[in-house]
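Good morning, colleagues. Please turn to the sequence and the structure as they come up on the screen.

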2 protein chains.
Amino acid sequence: MSRRADSVADLVGRAREGDARSVARLISLVEDESPLLREVAAALAAHPGHGHVVGITGAPGVGKSTLTSALVARLRRDDRRVGVLAVDPSSPFTGGALLGDRVRMQDHTLDPEVYIRSMASRGHLGGLAWSTPQALRVLDAAGCDDLLVETVGVGQSEVEVAGLADTTLVVLAPGMGDGIQAAKAGLLEVGDVYVVNKADRDGAQQVRRDLRSMLSHAARGEDDWAPPIVPTVAHDGQGLDEVVAEVARHRTWLVGSGELLRRRTRRARGEIEAIAVTALRSRWADVHGRHELDELAAAVVAGETDPYAAADELLGSVSG
Amino acid sequence: MSRRADSVADLVGRAREGDARSVARLISLVEDESPLLREVAAALAAHPGHGHVVGITGAPGVGKSTLTSALVARLRRDDRRVGVLAVDPSSPFTGGALLGDRVRMQDHTLDPEVYIRSMASRGHLGGLAWSTPQALRVLDAAGCDDLLVETVGVGQSEVEVAGLADTTLVVLAPGMGDGIQAAKAGLLEVGDVYVVNKADRDGAQQVRRDLRSMLSHAARGEDDWAPPIVPTVAHDGQGLDEVVAEVARHRTWLVGSGELLRRRTRRARGEIEAIAVTALRSRWADVHGRHELDELAAAVVAGETDPYAAADELLGSVSG
């Protein structure tokens with residue numbers, strides 16, 4: 001074993017004992033696609049934990065951040081160890097992150113049983129699928145009971161986060177034309193638990209009614225999970241008991257129905273595929289010292305070949 | 001040659017003579033991923049046209065559809081042959097298309113020099129990248145001078161369409177908080193020509209000012225294209241002369257600067273990659289009669305391997 005391997009093993013060992021600095025260092029290694037990434041992945045695979053992944057998603061302005069913070073506080077009252085990933089989708093063009101309001105999370109930064117991390121989802125193929133699952137494995141190895149993944153900002157990632165989670169909370173709030181927005185964004189098809197936040201405001205009842213009506217149209221079998229709707233006022237903790245109870249009930253259903261294994265297998269499949277495709281892309285960029293893909297693209301533009309024949313040629317040249 | 005090959009050659013031959021039914025049939029073949037797709041692609045590659053691809057994008061409600069229709073009318077006055085693809089992004093979950101208001105396009109459906117087609121972008125890897133470029137090649141082979149690609153609906157595709165176009169029109173309108181929306185959606189980084197539609201309404205001046213201010217922050221070299229801002233009232237044709245003039249001016253710049261070739265090569269690269277990855281995915285689903293990817297995913301979930309090692313194994317088994 002090289003010194004590097006020892007050092008990854010050391011980091012994983014200390015992370016398993018709950019050392020926050022080692023947890024942070026390991027997440028940085030996976031997020032930065034360090035050359036040690038593979039060692040980290042292999043070391044983590046040997047130490048799966050028991051954490052339950054809860055995705056928290058919804059349109060900007062519904063109070064996801066406040067809800068996440070309130071959920072952390074509520075879970076801590078039960079002495080649960082909690083990991084939080086706040087994922088910032090970056091523009092594919094600038095690479096800059098749209099940072100949300102993380103101030104409330106500072107209530108928890110001094111708690112040694114809470115790990116909080118912001119991550120950028122970058123412009124990778126697969127987006128969230130790339131580094132987030134490995135970061136979750138770090139938190140899982142560190143013995144977290146609950147792994148919260150919150151999306152900050154806008155876009156595809158609102159739906160993508162559902163692919164990462166065991167249980168997906170979709171958060172809505174009155175006064176944002178939310179029912180329709182959620183429907184357009186595909187959020188009505190991914191929620192396991194719907195949270196109507198800001199339930200003390202005008203219109204909250206209407207949001208619940210609209211939501212109930214929209215969800216009732218979904219085709220569901222007798223043994224399928226029927227997503228509950230939970231009203232909350234996150235900033236003063238109202239409704240959080242019920243959110244936690246519904247997440248626990250959903251987990252029981254996931255385990256009993258076999259859906260937990262199916263979801264995790266689907267997640268692993270997407271992850272493996274994203275890694276394999278990324279590896280291939282870098283091979284295509286450099287086949288026997290030539291940039292084969294560029295040459296093929298130029299031939300397509302010149303009308304010398306078509307893209308299907310070019311793809312065949314590309315696949316032939318990397319599989320030698 | 002088989003009868004099938006003859007029939008593709010016949011279709012392409014008739015499409016080149018401008019036969020609308022053959023054009024429609026060829027687009028259906030590429031959209032449905034027919035087994036003849038490869039033959040169609042090969043036949044089209046041999047007959048590139050001279051068409052200029054104009055992408056038309058922007059948030060819902062700004063009047064993209066009306067603008068597209070007005071642009072068709074304006075181009076017809078110059079006796080140009082026009083192809084229109086209206087791309088409907090489908091939800092990745094339902095497969096259903098969000099159809100926009102296509103009524104105005106009916107003004108042109110009886111014009112034999114105008115080809116209009118709605119396409120679903122489906123849930124494919126690559127989204128628009130998949131069948132739209134082949135559909136554009138069909139229209140190009142049919143001798144269209146202008147190929148308009150309009151996105152209908154919401155989401156990623158607003159930015160994606162820019163990847164398909166030689167010239168991208170980003171459409172905004174007053175009264176929608178549009179500047180900020182456009183910035184969030186990444187539209188300020190993809191426009192070659194900005195159109196402020198509904199320019200007769202209150203707030204249009206403000207949209208132009210905001211837009212000018214936001215665009216002025218972009219880093220641009222002396223020889224770079226500076227995107228113009230064109231006010232229009234699409235429903236009565238106001239400003240369309242200027243839109244057409246700016247598109248023509250942009251095309252001249254694209255050719256002179258070499259950017260046209262660079263954009264088209266980049267587009268072909270993305271297309272080849274998407275085809276190659278899709279081919280690999282179907283191989284992964286069936287390696288020597290086993291569903292190798294599923295088995296590897298199960299091993300990752302069980303903690304028997306990690307996703308990087310699994311990806312290596314997957315790539316090893318398809319490259320034999």
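This is a predicted model: local features need pLDDT of at least 70, side-chain atom pairs count only at pLDDT 80 or more; totals for chains, interfaces and linings use all residues.

How much area do chain A and chain B bury between them? The figure is about 4800 Å², and 73% of it lies on carbon and sulfur atoms. Chain A brings 52 residues to the contact, and chain B brings 52 residues as well.

Six salt bridges are found across the interface of chain A and chain B. One of them joins A:Arg38 to B:Asp312, with 2.7 Å between the closest N and O atoms.

Which helices of chain A supply at least two residues each to the side that touches chain B? They are α3 (37–45), α5 (132–141), α10 (259–284), α11 (292–301) and α12 (307–318). Of these, α10(A) gives the most, with 16 residues. Sorted by class, this side of chain A holds 31 nonpolar, eight polar and 13 charged residues.

I come now to the backbone. A:Lys198 is not a glycine, yet its phi is positive, at about 60 degrees. This lysine sits in the loop of chain A between β6 (193–196) and α8 (204–216). In chain B, Asp79 is likewise a residue other than glycine with a positive phi, near 65 degrees. B:Asp79 belongs to the loop between α4 (64–77) and β2 (82–88). Is B:Asp79 buried or exposed? With a relative accessible area of 63%, B:Asp79 is exposed, because the cut-off for that term is over 50%.

Technical notes
Residues are numbered from 1 along each chain as its sequence is written. Chains are lettered from A and ligands numbered from 1 in the order in which they are written. Side-chain values use heavy atoms; hydrogens and water are left out. Helices (H or I, at least four residues) and strands (E, at least two) are DSSP runs, numbered from the N terminus. Buried means under 20% relative accessible area, exposed over 50%, partly exposed in between (1.4 Å probe, protein chains only). Contact means heavy atoms within 4.5 Å. Buried area is the accessible area (1.4 Å probe) that two parts lose on being put together, summed over both. A salt bridge is a side-chain nitrogen of Lys or Arg within 4 Å of a carboxyl oxygen of Asp or Glu. Ala, Val, Leu, Ile, Met, Phe, Trp, Tyr, Cys and Pro count as nonpolar, Asp, Glu, Lys and Arg as charged, and the others, Gly among them, as polar.
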